[in-house]
Amino acid sequence: GGRAHLSLAAFRGGVVAAGGVLDARRRSNEVHALNSDGIWKALPDLPSPVAYHSMASTEDGRIWSVGGHGDDCLLSGAWSLDPREGSWAAHPIVLSGARWAHGLLPAPNGFVVAGGYG
């Protein structure tokens with residue numbers, strides 16, 4: 001089956017898709033990249049399942065997953081993936097409070113976050 005309520009980020013001429021809802025009770029931690037040749041490749045899974053989050057890639061090459069709804073809680077932190085290292089790093093407090101279904105853009109000193117619930 002497919003995923004709903006996942007998040008996408010532009011990355012290296014392609015796109016990264018992560019998280020989402022698998023069914024009424026389960027969220028996903030899967031991460032996949034679609035390259036410019038149209039080929040999907042699995043990337044390291046997020047540390048825990050999340051949906052309704054936002055994603056962005058930054059100039060330093062990292063992919064960020066920010067906020068969202070975990071299996072049993074709303075999130076105010078983030079994870080970043082450095083594809084060269086191949087692992088996700090936790091950033092416990094990125095938002096001023098838990099937020100989900102929000103918009104996200106990278107900015108010089110962090111992110112611009114708009115909308116959503118929290």
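Colleague: What pattern does the protein follow along the sequence?

Modeller: The pattern is β-β-β-β-β-β-β-β-β-β, with ten strands and zero helices. Strands (E, at least two residues) and helices (H or I, at least four) are DSSP runs, numbered from the N terminus. This is a predicted model, in which local features need pLDDT of at least 70, side-chain atom pairs count only at pLDDT 80 or more, and totals for chains, interfaces and linings use all residues. Residues are numbered from 1 along each chain as its sequence is written, and side-chain values use heavy atoms, without hydrogens and water.

Colleague: Why do β5 and β8 count as edges?

Modeller: The open sheet has four strands in the order β5-β6-β7-β8, paired antiparallel. Because β5 (54–57) and β8 (87–91) each have a single partner strand, one side of each is left without a neighbour in the sheet.

Colleague: What makes the radius of gyration agree with that of a compact globule?

Modeller: The radius is taken over C-alpha atoms, and the globule rule is 2.2 Å times the number of residues to the power 0.38. For 118 residues a compact globule would have a radius near 13 Å; the protein has 13 Å, so the two agree.

Colleague: What share of the residues is called buried?

Modeller: Buried means under 20% relative accessible area (1.4 Å probe, protein chains only); 36% of the 118 residues are buried.

Notes. Two strands pair if DSSP finds at least two bridges between them. Buried means under 20% relative accessible area, exposed over 50%, partly exposed in between (1.4 Å probe, protein chains only).
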